[in-house]
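This report describes a protein model for a reader new to structural analysis. Please keep the sequence and the three-dimensional view at hand while reading.

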Amino acid sequence: MGTIERVGAVPAARSEARRRHDVTVEELVHAYRAVPAGTPVRLGKRTSNLFRFGAHTAGSVLLDTSGLAGVIEVDRAARTADVQGMCTYEDLVAATLPHGLMPLVVPQLKTITLGGAVTGLGIESTSFRHGLPHESVLEMDVLTPGGELVTAAPDNEHADLFSAFANSYGTLGYALRLRIELLPVKPYVKLTHHRFRTAEEATAALAEFARPDGPADFVDGTVFSADEHYVSVGRFVDAPTPGAQVSDYTGMDVFYRSLQRRPVDHLTVHDYLWRWDTDWFWCSRAFGVQVPALRRVWPKRYRRSDVYRRLVALDQRYQASNTVRRALGRPEEEMVIQDVEIPTPRLPEFLAAFHSHVGIAPVWLCPLQLRGERTWPLYPMEPHTPYVNVGFWSSVPVGADREEHNRFVEKLVADLDGHKSLYSTVHYGETEFWERYNGAAYRAVKERYDPAGRVPDLYTKVGGGA
């Protein structure tokens, strides 16, 4: 096997783990180049957190990426890690916490991969200070659609790819190795849940607690109804407050319910990072997992977001739920699973319209702000501008238009100068889509790294069912 040239790479000593990684990459690149032109290619990933359930393209070739799912090296002194692109955050956190470190942003579901969070965005309660996962990437090795292996960094000859990679969803290439910054941690997180009656009060509190120069380490929020809002503020601590209980939400207790009855809480840093995963925020209730009698017999190892997501995928494939609804004479339901970014001052407007027209509850709130001056062309947010991510994941009765509620959300977000993540269904027309996601910048990078159009473009991938 010939040596694969990595364009733009900086020579460095290779550990055994790096040597194994390089061999795996070499095999993958050769396999990719051997696929005949015009044949669709898919990565063989163990998990997915996308909510687009279209059928895979017939005749596509599945590339084996099982050897690219680990951590190559953690550099404790430099507070960095070299990580393979298919590594899940569950495995990444397991490798960094023993060093007293964690990624700057750990998306809330265990099986989100680092490469997936960078190319498809991710967020969590540190995002008010540390932005989005791609903002802590120092460099990455990318297999481009044209078959090149390049090292992209902010200041090298592939800086255009580095900038455009976030929100490109694999259409500009696959990240095979990423070097990321890490954050020092303490053993525990002390949580304080503040209750507010109105959206205006909750928004003001989010803005205050989520100041990047403030004392909080973590900030997020939960909306149970139009008159019940919680803002949760976390701080790293060396030990629990004397006499305080350290909570465990992997058993019978459900984390989101604790917000309503436990104003102050303590968790280990590990359990804090995965506090939402056990019950997929609150979505496990759809499977009865929050009913005590069923929860006791539902195996603990299957109380995980990836298990619930597979159940939803099966339901969508066979339309089981809607078939039952029709048989019972009930209306079919439209899945409304979205995350959107709203400028913080306009959050009350969004929530009022959302409660009135869509009516899903609870709703998750997560403040975020870009880390510095740098902007990212395919997800244009303004520097030094606070936003709130609003996440809602459920289904509602179908209206006259089968996509009525999702289209309403898209229009509302646009009217409020917000942005919508693309991991779920997209209903924009092509012209509007490219206006919102910087089509001119995307096409320039696409033409350089995929001159033959080997893989679908971004609109085709997320909006056209590819």
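## The open sheet

S225 stands opposite E228 in β12. Helix α6 (residues 199-209) packs on the sheet, where it touches β10 (188-196), β11, β12, β15 (363-368) and β16 (387-397); its direction makes about 15 degrees with that of β12. Such axes are lines fitted to C-alpha atoms, for helices over the stretch in contact, and angles run from 0 to 180 degrees between N-to-C directions. The model is predicted: local features need pLDDT of at least 70 and side-chain atom pairs count only at pLDDT 80 or more, while totals for chains, interfaces and linings use all residues. Residues are numbered from 1 along each chain as its sequence is written, and side-chain values use heavy atoms, with hydrogens and water left out.

The sheet is open and is formed by 8 strands in the order β13-β10-β12-β11-β15-β16-β14-β17, with antiparallel pairing. Each of β13 (264-268) and β17 (419-420) stands at an edge with a single partner strand, so one side of each is left without a neighbour in the sheet. Helices (H or I, at least four residues) and strands (E, at least two) are DSSP runs, numbered from the N terminus; two strands pair if DSSP finds at least two bridges between them.

## Strand pairs

Strand β11 (residues 218-225) pairs with strand β12 (residues 228-237) in the antiparallel sense over 7 bridges. Strand β16 is joined to β14 (residues 333-343) by 11 bridges, and these two run antiparallel; here D339 stands opposite G391 in β16. The antiparallel pairing of β15 with β16 has 5 bridges, and L368 stands opposite Y387 in β16.

Strand β16 is mostly covered, since 8 of its 11 residues are buried. Buried means under 20% relative accessible area, exposed over 50%, and partly exposed in between (1.4 Å probe, protein chains only).

T222 lies in strand β11 and counts as buried because its relative accessibility is 1%. Among its contacts (heavy atoms within 4.5 Å), leaving aside neighbours within four places in sequence, T222 has E228, H229, Y230, W276 and W364. T222 and D22 are 200 residues apart in sequence and 44 Å apart in space, C-alpha to C-alpha.

S163 has its place in helix α5 (residues 159-164). At 15% relative accessibility, S163 also counts as buried. Beyond its neighbours within four places in sequence, S163 is in contact with R374, W376 and P377.

## Nonpolar cores

In soluble globular proteins, nonpolar side chains tend to be buried together. A nonpolar core is a set of buried Ala, Val, Leu, Ile, Met, Phe, Trp, Tyr and Cys residues joined through side-chain atoms within 4.5 Å. The largest one has 88 residues, and those with the most contacts inside it are M102, M140, L161, I180 and F433. Strand β9 (residues 174-184) gives the largest share of this core, 5 residues.

A second, separate core of 31 residues includes A202, F350, L351 and F392.

## Cavities

A cavity is a set of points on a 1 Å grid over the protein atoms alone where a 1.4 Å probe fits but cannot get out; lining residues have an atom within 4 Å of a point. The count comes to 4 cavities of 30 Å³ or more. The largest cavity has a volume of about 80 Å³, volume being the space filled by probe spheres set on the points. Its lining includes G44, K45, R46, T47, M86 and T113.

How values were computed. 1 Å grid on protein atoms, 1.4 Å probe; cavity = no way out; pocket = protein on both sides within 12 Å on 5 of 7 lines; lining within 4 Å.
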